[in-house]
Amino acid sequence: HGLVGQNGAGKSSLMKMVCGVYRADGGHVEVDGEQLVFGSPRAAGEKRVTLVAQELSLVPALTVAENILLGHQPATFGLVSGRRRREAAVELIESYGFNLDPDAVVAELPPSAQQRVEILRALAQDARLIVLDEPTSSMSIDDSTRLYEIIRQLATEGTSVVLVSHFLDEVLEVCDVVTVMRDGEVVANAVPAGELTAPRIVAHMIGEEVTGERAVPTPVDRTGTPRLKVSGLTGPKFRDVDLEVHPGEIVALVGLVGAGRTEVLRGIFGADRPTAGSVEVDGRPAGIRRPSDAVAAGIALLTESRKHDGIFPVLSTTTNIAMAQPASYTTVGWIDRRRQQRAADRVAKQVNVQAASLEAAVTALSGGNQQKALLARWLIEPPTLFLIDEPTRGVDVVSIGQIHSLIRQLVAEGMSVVMVTSEFEEALELAHRIYVMRDGRVVDHVHADDADKPRLLAASFGTQAESEAVR
């Protein structure tokens with residue numbers, strides 16, 4: 001059963017009520033005809049109802065095996081058997097075809113691997129109903145395909161699955177029926193997937209038909225000095241990376257999970273220290289040794305994982321937005337709250353953050369609105385170079401269009417953007433030029449007008465000879 005809608009439509013909140021994370025104001029859940037109101041996730045779990053939430057709930061200090069069997073660990077007389085736990089975890093990993101090391105510490109895994117661990121933990125509970133909230137948002141193509149196969153297998157064996165996703169084509173391919181929500185209400189209920197199309201779903205989501213016309217990229221003048229020039233940049237997970245981006249240009253870095261794309265952005269920004277190579281900004285050595293140097297040079301970074309290194313969950317949306325650029329609302333070190341609020345409100349409106357109040361905790365926002373708040377964070381004093389890692393991860397199709405429009409507007413005003421994306425369609429839609437990475441190296445470089453998805457996929461997987469870089 002697919003459940004779709006814009007960010008803030010109420011999908012995740014509804015599913016958290018079903019699974020006992022939130023307490024509903026009214027109504028009930030029926031399980032096999034029995035009316036229930038789950039007071040906690042444990043109560044739901046006792047009825048074999050489980051949720052894989054969009055924001056993962058793993059224990060970072062524990063291993064993969066320990067997380068998968070957490071709460072269901074094999075024990076004798078109350079004593080947990082580490083050997084039996086590991087064997088059970090290995091059996092699950094192998095049976096579902098996920099590539100995971102059972103002894104790896106979860107905190108050291110990339111988001112895509114953590115997502116697989118979370119899903120395996122739900123599968124280990126032998127649930128009758130599994131709710132998957134954006135399960136493929138950080139997964140590779142192979143892992144996403146494998147998960148969809150697992151979903152169909154579970155359904156065939158009698159397990160019910162609710163799939164909350166922004167990937168409408170996948171929803172239509174995998175699901176039997178689809179429900180659409182808008183503004184907290186169901187507007188299309190359990191419609192057979194065969195009767196729907198992606199444009200029709202979007203029309204339900206926003207209440208009107210959409211045209212689907214493609215925006216024309218702003219022309220780029222590459223005759224002058226590049227805004228950013230990276231030469232031979234090398235680090236622990238990438239090597240000999242060369243790339244350029246000019247004023248008013250969007251350059252995309254694509255490739256499979258683990259190709260080194262995120263690490264390149266972090267190396268440019270000074271979050272990780274490269275071991276070799278150089279970075280020039282506007283023709284001058286940047287001398288970036290730490291993130292504060294990058295910010296001083298007019299560079300901003302939107303990170304891949306908003307939960308782990310993006311938002312400050314206990315602070316307000318206003319504070320989260322204003323966090324990166326305090327000079328615009330402080331005087332000799334003292335915060336002017338009115339100036340801070342005005343600055344946050346201005347950029348929140350610019351990126352269309354939907355919030356009941358900016359003074360509430362940022363976690364009160366939907367995932368997509370949290371993402372837009374993080375974009376707004378850097379627009380109080382806009383940078384000249386914006387490094388954006390997965391700009392639309394976990395964002396609905398309407399918000400994707402809004403974020404794309406914002407990026408186009410920024411580059412039309414002269415900003416440069418280097419964007420990491422796992423969506424080849426997004427790179428083809430938005431970028432002027434595309435670099436493909438594999439195994440830490442740039443293996444292809446092409447103008448977006450000359451590229452297509454098969455070429456990008458072939459370069460990412462190494463199934464054809466590496467293309468000569470476009471000059």
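## About the model

This is a predicted model, in which local features need pLDDT of at least 70, side-chain atom pairs count only at pLDDT 80 or more, and totals for chains, interfaces and linings use all residues. Residues are numbered from 1 along each chain as its sequence is written, and side-chain values use heavy atoms, without hydrogens and water.

Three cavities of 30 Å³ or more are found in the structure. A cavity is a set of points on a 1 Å grid over the protein atoms alone where a 1.4 Å probe fits but cannot get out. The largest cavity holds about 260 Å³ of space, a volume being the space filled by probe spheres set on the points, joined across faces, edges and corners.

Its lining has 16 residues, with Q54, E55, S137, S305 and R393 nearest the centre; lining residues have an atom within 4 Å of a point.

## An open pocket

A pocket is an open set of points with protein on both sides within 12 Å along at least five of seven lines. The second largest pocket has a volume of about 840 Å³. Among the 36 residues of its lining, L109, P110, P111, E263 and E304 lie nearest the centre.

M17 is partly exposed, because its relative accessible area is 34% (partly exposed lies between buried, under 20%, and exposed, over 50%, with a 1.4 Å probe and protein chains only).
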